[in-house]
Structure formats: structure tokens, C-alpha cells
Amino acid sequence: MGILQKFIRKSKKKIIAVLIKKRSEWLMILFFLMSFQLYCLEFRRFEASGTSLKILIIGIDGADKEIIERLINSNDLPNISSLIAKGEFYGLKPEDRWSTSIWTSMLTGKKSNQHGIISFVSVNKYAQIVLSPPSYMRKTEALWDILTKKNIKSLFISFPCTWPVESIHGYMVSQIAIPKAFFYKNPNMVKKSLSQKFFSYYTRNCVSNSFKWDILTMIPPIEALIGEMNSLNIPVEFPFTNVMIEKKIVRGWYKKELQRIMHVYNIKKPIVLPYTTIFSLIDSKKLPLLSYISDKLSIDIAIKIVKEDSQLEVVALYMPGLDIFQEYLLPDGRLNGFYKKNLQLIFNYYRFVDDTIGRLIKNLNKNTKIIIVSDHGIGIDLVKNISDIREGIFICSEKINLNKENIVPDEVFDIVLKILNL
Ligand SMILES: [Zn+2]
């Protein structure tokens, strides 16, 4: 063996020895690098799930206290149950007859005679009677105004009386936005006689200028929606007889309410704009599709924006679907009446609502406080007095110790401000 070869062999041995000796250090470096990478990934995931998000408010129209309790007892609402287990569950006593008034009370902290939304119909600035009062009919500040003043970034989705959207620090999706996108994508769903009027009336201000996402692309094809609803055992159409009964009821109280509002505003010959009611645009039998997509998309939009904007501190969304299913499947409003067989279908919708809320909660960080609230319970009976309207719900994921069984709508606002330390 030559000197050179010997030298090479010796060097090789030396290098290998050094490598073996340093192996533990190398492994440590490798371990450190991998941990760092994992930490970065974790951090990015955490960043993406809204690190600033302090509170999520979910409004479910018509969620009934008694039904929620019943389904919790049969382990059917795992997500809502786990929030109650950590926090508290109250009844919500509606103080007004109309959903529009109650939701506005929750969002303003004022009674309806103060905030001015006294009905589901209103007279706009052109002396026209419209359904779902426009946002400018509200006389007092709403939660988003207060948050904007405090420079708190928020997102509000689909609440009643939010069209035209107001300019806020954050994003607002009016109650018109999702139905409008749904009708745009499925023109055959809209009654031909009303379609053009609807689209020309609601041309602008359906979402705030800051809203950079395209709702249209988030609407799945109708076949996919029907497939989902079938698998959840939720009806895609309402039975014809129920539709007729519900229409009769609605026509009755619409006429009465219109007369009351004409009297309040001293209007002799109103110009009624029928196309400003979203639900008159679609064949009543097909209402389940619109209700389902409205609820699903409110959640989808919230998930998307929470993931993409880590500066959001308040997210609030509204789900109108449950109330519509309840009204059409139980038109007489009684749980033990003739339509008892439809109760299971209604329960299936509660399960869907719980499941879809769970999807959103999974995307939040653990410190986010969650409020679930409804405006009233099932079967809002319009012939009886207000005291007969069934209780809605108020659930908070943390203890708030109110020392009472139920709260009234305007108290919701105070609780939210308290949680935010405002
Ligand atoms: Zn309602």
C-alpha cells in the first residue's frame, strides 16, 4: 500500500469517526430544524384561524328552546351540547311579534319603539311599502357602528334589515346577498314576472365595498345541494297542502299588518313592492332549497373569511332556514298536532344546523367565545298574544351568571359588549 493510499484510508476513517462522534449533535440539529418547520406550519395554521377573533355570534331564526333541550337529551346536537357544557343556556323571551324587530333589538340593545323597526313591512323613503325594512329605517346605532367607532374589525352576514349595507370597519353581507347569488346562478328558480324587477332593484349595496370574495362561485350546483339534502333527510320541497295552508295564514296576517302599518305611517294608498320579499320570488314548494343554501353559505362565508383575515375580532351570522322549515312543516304551529309526522324532518334540520355550526367552530381558536341565539321558538302564533310565543334560546360558551332563566332580546347586546369589555 502506497503512502498516499494509506493517508486516504486514514483520512476516511477519521472523517467517519468524526461523523459518528458528531451524530448526536447532527440529530439534534435535524430535530431542531424539523421542530422549527412544524412550529412554523402550526403557527401559520393558528394565524389562519383568526388569532384575534374574540367572539362569534350565531343567530338561528326560530330555534326552539324545548326542541333544543329534547335533542340535547337524545345526544343529537353534539356541538351545541359541548358549548352548553362549558357555558350556559338561557331561554330568550321574544318581546315583539316580528323577527325583524327582535333581531334589531338584539343588535341595537333597544326596544322596538326606540330602534323603529316595528314590523316586517315598512314604508321606504319613496312612500313605498316594502318587506324586510331597509337598514336606513333603523333609528339607533347597531353593534357594527359601535365596533367601527372602537376600531374593532367585524364581519356581519345575512342579518335582517341590513340592506343597503352600511360602511363598517370590516365586512357586511346583507340579507339580500346570498338569495341574489342563488337566483342569479339558478334563473329558472325565480318567478319570471318578478325576476327583472328584483335584480334591477337590488343592484348595489348587497355586500360592503371591502368584501373581496365572490359569493356566486361559492354556490354549489343545484344537483349537489339536492344530494346533500337527501343524505341529511331534509325535504327539498314542501308538501303542496302545507304550502296552501301556510299561504292562507301568511295572506291573513300580511293583510292585517299592512293595514296597521298604513295607519302608523298615515298612508292612504300604498305602493306595495311585492318583489322586495325574497320569498315571494320563488315557488313556495321550492323554499327548502333557498333556506338550506342561505344557512349553509352563511357558515361557508364565515369559515372562508375567518381563515383569510386574522384581524377579525367579531364575527356574527344569521341563519334563516330553520324558521321557514318549521313554519311550512308545522303550519298550525303545534308540536302535537296533525303534522306530528313532520317533526322528524324538523329535527333533521336541527341536526344539520348543529353539524354546520360544528364545521365553523373547528376553524376557530380555542379562546373565541361563542354565542348562539334565536329570536323565538317554533310556531309563532300570530293570532294569539305575544306572551304565548314560544321561547327561543341564548347559549354562551362561557359562564355569565345572570341568575335568571331567560333574557329579553335587547339584553343580548349588553352581554356581547360585556364579553368584549366595551
Ligand atoms: Zn323569527
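Visitor: What should I know about the numbering and the model?

Guide: Residues are numbered from 1 along each chain as its sequence is written. The model is predicted: local features need pLDDT of at least 70, side-chain atom pairs count only at pLDDT 80 or more, and totals for chains, interfaces and linings use all residues.

Visitor: Which strands make up the open sheet, and in what order?

Guide: First the terms. Strands (E, at least two residues) and helices (H or I, at least four) are DSSP runs, numbered from the N terminus. Two strands pair if DSSP finds at least two bridges between them. Here eight strands form an open sheet in the order E6-E5-E8-E1-E9-E10-E2-E11, and the pairing is mixed. E6 and strand E11 (406–407) are the edge strands, each pairing on one side only.

Visitor: Where do the parallel and antiparallel pairs fall?

Guide: E5 pairs with E6 in the parallel sense over four bridges, with serine 154 opposite glycine 170 of E6. E5 is also parallel to E8, again through four bridges, and there isoleucine 157 stands opposite leucine 317. E1 and E9 run parallel and are joined by five bridges; glycine 59 has valine 373 of E9 as its bridge partner. E9 and strand E10 (residues 392–396) run antiparallel, with three bridges, and isoleucine 371 stands opposite cysteine 396 in E10. Strand E2 (residues 88–92) and E11 pair in the parallel sense over two bridges, where glycine 91 faces asparagine 406.

Visitor: How do I read the two faces of a strand, for instance E5?

Guide: In a regular strand the side chains alternate between the two faces of the sheet. A residue is buried if 20 or more other C-beta atoms lie within 10 Å of its own, exposed if 12 or fewer, and partly exposed in between, with C-beta atoms placed from the backbone. In E5, Ser154 and Phe156 on one side and Leu155 and Ile157 on the other are all buried, and both faces are covered. Strand E9 (residues 369–373) is largely enclosed by the rest of the structure, because four of its five residues are buried.

Visitor: Which residues have the most contacts inside the largest nonpolar core?

Guide: A nonpolar core is a set of buried Ala, Val, Leu, Ile, Met, Phe, Trp, Tyr and Cys residues joined through C-beta atoms within 7 Å. The largest one has 90 residues, and Ala302, Val315, Leu317, Ile372 and Val373 have the most contacts inside it. H11 gives the most to this core, with 10 residues. Two residues are in contact if their C-beta atoms, placed from the backbone, lie within 7 Å. Leaving aside neighbours within four places in sequence, the contacts of leucine 317 include Ile58, Ile157, Ser298 and Ala302.

Visitor: How is a helix such as H13 read?

Guide: An α-helix has 3.6 residues a turn, so residues three or four places apart point the same way. The expected span is 1.5 Å times one less than the number of residues. Helix H13 (residues 343–361) has 19 residues and reaches 27 Å from its first C-alpha to its last, close to the 27 Å expected. Its buried residues include Ile346, Tyr349, Tyr350, Val353 and Ile357. The elements they pack against include strand E1 (55–60), helix H11 (287–308) and strand E8 (314–319).

Visitor: At what angle do H10 and H12 cross?

Guide: Two packed helices are described by the angle between their axes and the distance between the axes. Axes are lines fitted to C-alpha atoms, for helices over the stretch in contact, and angles run from 0 to 180 degrees between N-to-C directions. The axes of helix H10 (residues 240–264) and H12 come within 8 Å and cross at roughly 100°. That makes H10 roughly perpendicular to H12 (65 to 115 degrees). Asn242, Val243 and Glu246 of H10 meet Glu327, Tyr328 and Leu329 of H12.

Visitor: Which loop holds cysteine 161, and is cysteine 161 buried or exposed?

Guide: Cysteine 161 is in the loop between E5 and E6 and counts as buried, because 24 C-beta neighbours lie inside 10 Å. Its phi is near 60°, a positive value in a residue other than glycine. Proline 164 lies in the loop between strand E5 (154–157) and strand E6 (170–173), and a cis peptide bond joins tryptophan 163 to proline 164, with omega about -5°.

Key
Angles under 35 degrees count as roughly parallel, over 145 as roughly antiparallel, 65 to 115 as roughly perpendicular and the rest as oblique.
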